[in-house]
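Subject: Structure handover

Dear colleague,

Please find the structure below. My notes on what was found in it follow.

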Amino acid sequence: MFKRQVTITVNGEARAVELEPRVLLAHLLREGLGLTGTHIGCDTTSCGACTVLVDGSAVKSCTMLAVQADGHEVRTVEGLTRASELHPVQEGFQEEHGLQCGFCTPGMMMSALALLERNPEPTEEEVRWALSGNLCRCTGYQNIVKAVLWAAAKLRPAGTGGVR
Amino acid sequence: MYPARFRYEAPRSLDEALALLAEHGDEAKVLAGGQSLIPMVKLRFASPELLVDINNVPGLGYHREAASGVLEIGALCRHVDLEFSDVLGDLRPTMAAAAPLIADPIVRNRGTLVGSLCHADPQGDWASVMLALDGEVVAVSAAGRRVIPVTEFVTGPFQNALRPGELAVEARVPVPRGVPLGRYLKLERRVGDFATVGVAVAVETSDGTVTRAGIALTGVGANNIKAVDAERVLVGSTLDRATIAESARLAAEAAKPRTDHRGSEAYKRHVVRTFVERALHPRPAVAA
């Protein structure tokens, strides 16, 4: 009686699933669809490790019911890589050493992606502001900020400045 | 963490939502942004039998200035909409200051102002802002519609004045009549933490004289506190230093903080006083 049928587009692919309304989006992604790149950190809407994009907007997937994503488009960290090419955001984290333990990294990357899609030329301050809902306990954030700025420069079309 | 089992309905019209609420009364909980309700059901502080998700109800995401000048904020207007609003402008400085300080950017993408008022967490920021601005909540049910001043809407910690079957569809902020001066100052240990202390100040002046003053406090009592004595001394003044100091003193007196991990009672009172002074001196003289 409690189960519902929903269809959610996950990383470009329509996925039809049957689930209880109490299943959180983070649970569906990790346990239902095997996309364990989305991490559950605090489970209390504080840390941002579970951040995914829903219709392009960064959302804490531990604080949204999976049924609420019915008919919507969800992107996770797994969707960043195309044809085994790293996404510039991923490359930035590699180049600038934007992680240590890596636990917060998927959430950081998805928040960064949401920022860069909205604002392709963020200032350092804007990057810090956009990432302020994502906690990292290792890095002190410096290299994460550099990684996002690196990605921003890489994503800009050549000749529009900021080439590194 | 999994919430306890509940039924879930996602109505596609306001009438359908109101019919569900009328039928299920107290057993139903409305889900809007979910940034407080979902944590509550996960922690099992709340175990509603039915969640009525209003996210698919069209036409509730607005915030707009009505022809009358009243600012209307729909039940699905997210904090982020207010953060990047071009409607608030210079007329609503207290709201414009508060919006970027709500929770963190990811929570602001989902959470709503109206939901925050309904949740009535004494550490919620919007209730103070709305108390300072003399805001109202519009409640609709299958039986009709009523407008409730925020002073009466928040009835206690996590309690609001909605009756079973009622849905809060809109918050309203009256038209400023003079030149508005307002700020929301918030002390938090880190982004996303609840306020250690928050102070909302909304003053209107006409020819340099205060015609209306609103001051409300977050995180320093069992409810958001409207500091009425601190407001009263400002009205009729020219915001001279002595009056501001007196208002700040009265606001600190109105606060009922408790010593906890965020700070001592005395410290929080001191912050209230400092914030009221700071809010009313928006451009303090800087030593050359």
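Strand β6 (residues 136-141) of chain B pairs with β7(B) through six bridges, and the two run antiparallel. Within this pair, G144(B) of β7(B) is the residue opposite S141(B). Please keep in mind throughout that the model is predicted.

The two strands belong to an open sheet of five strands in chain B, ordered β4-β5-β10-β6-β7 and paired in the antiparallel sense.

Chain B as a whole has 11 helices and 14 strands. Along the principal axes, its C-alpha atoms fill a box of roughly 60 × 45 × 30 Å. The radius of gyration of chain B is 19 Å, which agrees with a compact globule, because a globule of 288 residues would have a value near 19 Å.

The domain assignment divides chain B into domain 1 (7-53), domain 2 (63-173) and domain 3 (179-280). Between the centres of domain 1 and domain 2 of chain B, taken over C-alpha atoms, there are 18 Å. Contacts between these two domains of chain B involve 13 residues of domain 1 and 18 residues of domain 2. On the domain 1 side, helix α1 (residues 14-24) of chain B gives the largest share, with five residues. That side of domain 1 of chain B consists of seven nonpolar, five polar and one charged residues.

The UniProt record, an unreviewed entry, places the feature "domain: FAD-binding PCMH-type" at residues 1-178 of chain B. This span is 29% helix and 24% strand, and its end C-alpha atoms are 50 Å apart.

How many residues of chain B are in contact with chain A? There are 21 of them, and they meet 24 residues of chain A. On the chain B side, the elements that give two or more residues are α2 (37-42), β3 (50-53) and α5 (105-108). The largest share comes from α5(B), with three residues. By class, the side of chain B that touches chain A holds 12 nonpolar, five polar and four charged residues.

Chain A has two hairpins to look at. In one of them, strand β1 (residues 4-10) and strand β2 (residues 13-19) of chain A run antiparallel and are joined by seven bridges. V6(A) has V17(A) in β2(A) as its bridge partner. Two residues lie between β1(A) and β2(A), and N11(A) in this hairpin takes a positive phi near 50 degrees. β1(A) also pairs with strand β5 (residues 73-75) of chain A, in the parallel sense and over two bridges. There, T9(A) is opposite E73(A) of β5(A).

The other hairpin is made by β3(A) and β4(A), again with two residues between the strands, and D55(A) in the turn has a positive phi of about 50 degrees. Strand β3 (residues 51-54) and strand β4 (residues 57-60) of chain A pair in the antiparallel sense over four bridges. K60(A) in β4(A) is the bridge partner of T51(A).

Kind regards

Terms used
Residues are numbered from 1 along each chain as its sequence is written. Chains are lettered from A and ligands numbered from 1 in the order in which they are written. This is a predicted model: local features need pLDDT of at least 70, side-chain atom pairs count only at pLDDT 80 or more; totals for chains, interfaces and linings use all residues. UniProt positions are given in the numbering used here, feature names are shortened, and annotations may be inferred rather than shown by experiment. Domain bounds come from an automatic or database domain assignment. Two residues are in contact if their C-beta atoms, placed from the backbone, lie within 7 Å. Ala, Val, Leu, Ile, Met, Phe, Trp, Tyr, Cys and Pro count as nonpolar, Asp, Glu, Lys and Arg as charged, and the others, Gly among them, as polar. Two strands pair if DSSP finds at least two bridges between them. The radius of gyration is taken over C-alpha atoms; the globule rule is 2.2 Å times the number of residues to the power 0.38.
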